[in-house]
Amino acid sequence: MTDDDAELVALIDNELDETRRTALLARLAADEGLRRRYQALREAGAPLAASFDELLRQAPLARLRAALPAAEPRSSSRFGGLALRELAAGVVIGIFAAGLVAWAAWSFGLLGGREDWRTAVAEYAHLYTDDTFAPLKPDHALEAAQLSFVGAKVGADLTPESVALPGLRFTTAFMLSHEGHPLGVIAYVDPTGAPVLFCIHANHAADAPLRSERRGDLSLASWSRGGRGHLVIGHMPEERAVALAQMLEKRV
Amino acid sequence: MSEASRREVRAGLEPSLARLWRYALVLSRARDVADDLVQATCLRAIERADQFVPGTRVDRWLFAILRSIWLNEIRSRRIREGGGFVDAADALTTDGAREIETNITASAVLRAIDRLPEAQRETVLLVYGEGYSYAEAAAAFGVPIGTIMSRLAAGRAALAKLK
């Protein structure tokens with residue numbers, strides 16, 4: 001049993017509070033080993049209800065009734081506790097499984113061949129809340145290691161210094177993929193915990209100058225250079241996304 | 001209040017019998033002890049019916065009585081008498097001598113549950129078999145919720161090894 005098991009099980013059973021839940025979901029999105037462990041623990045518990053029902057069927061009811069102290073016989077009523085738990089678990093699993101399936105489909109590039117990668121990122125960014133990345137507080141060594149890993153995958157030289165942005169705190173960096181191309185994600189939070197992502201997609205795109213747009217609540221600023229697409233995205237005014245992008249464009 | 005209490009307790013006994021027996025079997029791992037434990041629980045419940053608050057869950061109340069009798073009377077007596085615990089292998093899937101006919105998956109799972117330490121076994125039953133929330137299980141056992149989480153995780157991890 002690993003240290004994470006207890007939290008994973010609480011997630012499976014829909015017993016984690018909101019903060020820990022979103023933090024764990026973010027970790028799961030970035031950690032394939034952790035996801036496998038989640039699946040294993042979830043599947044291990046799947047046959048439990050049926051097995052316990054089987055045990056219930058073995059109860060020697062006639063003998064037990066006979067031993068009752070002259071109680072009046074009543075028709076048995078099934079308490080809803082188990083059914084409720086199954087429903088709750090099913091809903092969480094359904095939502096999370098759907099999210100995982102969508103995530104897996106996205107990471108294997110299955111979400112529509114013509115879909116702009118920035119659209120895919122924007123759709124996922126809508127799920128993130130102020131609680132998603134804020135709990136992550138890496139030290140300098142971890143930040144450097146994560147950036148080095150991501151940088152190697154997308155072919156860019158990434159260091160804590162080169163990706164540092166004013167008013168934003170680095171929380172994590174991880175790898176996804178879109179249409180078979182590596183997609184690096186660097187997640188920051190502003191002082192309120194609101195997430196800002198800097199994404200690098202090694203998609204062999206032709207050079208394109210910086211441009212910006214709004215999608216719903218999100219501002220996007222993107223450019224392409226050196227065979228890589230770059231994107232800054234977050235809940236902020238468009239001008240700020242452009243300013244951040246301009247800083248990164250000079251350094252990355 | 002007394003009359004309502006007694007009425008609700010009596011009405012709640014028969015519908016709870018099978019589940020009380022299941023709980024007793026998971027705790028004691030012995031079918032004869034389970035029978036006795038259920039009977040003792042029903043007697044104690046009627047004796048103490050005045051203490052039951054009408055409108056609350058009688059099944060949970062009965063479970064608490066069963067657990068108390070197991071811990072404070074039967075279990076401790078067995079230890080005192082030096083019998084310890086008959087290491088009844090596969091107590092949940094055999095009837096003394098012969099294998100109870102059941103489906104293969106349930107049988108494998110029940111054997112695995114049977115091998116869990118008592119605390120994990122009991123927690124897995126109450127949470128996954130009886131639908132206790134983590135908070136309810138923590139209150140029932142008088143332990144922190146973190147302990148419930150660890151026990152469930154250990155139980156699931158043991159079951160995961162079945163594959």
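Helices here are DSSP runs of H or I with at least four residues, numbered from the N terminus. Everything shown below comes from a predicted model.

**View 1. Asn14(A) sits in the loop between helix 1 and helix 2 (18-30) of chain A.** Although Asn14(A) is not a glycine, its phi is positive, at about 55°.

**View 2. His204(A) is another non-glycine residue with a positive phi, here near 60°.** Look for His204(A) in the loop that links strand 3 to strand 4 (208-215) of chain A. His204(A) has 11 other C-beta atoms within 10 Å, so it counts as exposed; the cut-off for that label is 12 or fewer.

**View 3. Thr192(A) belongs to the loop between strand 2 (181-189) and strand 3 (195-201) of chain A.** Thr192(A) is exposed because it has 8 C-beta neighbours inside 10 Å. What separates Thr192(A) from Asp130(A) in sequence and in space? They are 62 residues apart along the chain, with 7.1 Å from C-alpha to C-alpha.

**View 4. Six strands of chain A make an open sheet with antiparallel pairing.** Reading across the sheet, the strand order is 1-2-3-6-5-4. Strand 1 (169-178) and strand 4 of chain A are the edges, each pairing on one side only. From one strand to the next, the twist averages 15°.

**View 5. At one edge of the sheet, strand 4 of chain A pairs with strand 5 (residues 218-225) of chain A.** Six bridges join these two strands, and the sense is antiparallel.

View 6. Helix 9 (residues 140-154) of chain A lies across strand 1, strand 2, strand 3 and strand 6 of chain A. Helix 9 runs at about 25° to strand 1 of chain A.

**View 7. Chain A and chain B meet through 39 residues from chain A and 41 residues from chain B.** On the chain B side, the elements that give two or more residues are helix 1 (2-28), helix 2 (31-47), helix 4 (104-115), helix 5 (118-129) and helix 7 (145-160) of chain B. Helix 1 of chain B makes the largest share of that side, with 11 residues. Sorted by class, the chain B side has 26 nonpolar, seven polar and eight charged residues.

**View 8. Helix 2 of chain B has 17 residues and reaches 25 Å from its first C-alpha to its last.** That is close to the 24 Å expected at 1.5 Å a residue. Buried residues in helix 2 of chain B include Val33(B), Leu37(B), Val38(B) and Cys42(B).

**View 9. Confidence in chain A is lowest in helix 6 (residues 81-107), at a mean pLDDT of 46.** Over residues 71-102 of chain A the pLDDT is below 50, and this stretch has 26 contacts in the model beyond near neighbours in sequence. Helix 1 (residues 5-12) of chain A has the highest confidence in the chain, at 96.

Key
Residues numbered from 1 in each chain as written. Chains lettered and ligands numbered in written order. Predicted model: local features only at pLDDT ≥ 70, side-chain atom pairs only at ≥ 80, totals over all residues. pLDDT = per-residue confidence, 0-100. Contact = placed C-beta atoms within 7 Å. Buried ≥ 20, exposed ≤ 12 C-beta atoms within 10 Å, placed from the backbone. Nonpolar A, V, L, I, M, F, W, Y, C, P; charged D, E, K, R; others polar. Expected span 1.5 Å × (residues − 1). Pairing = 2+ DSSP bridges. Axes fitted to C-alpha atoms, helices over the stretch in contact; angles between N-to-C directions.
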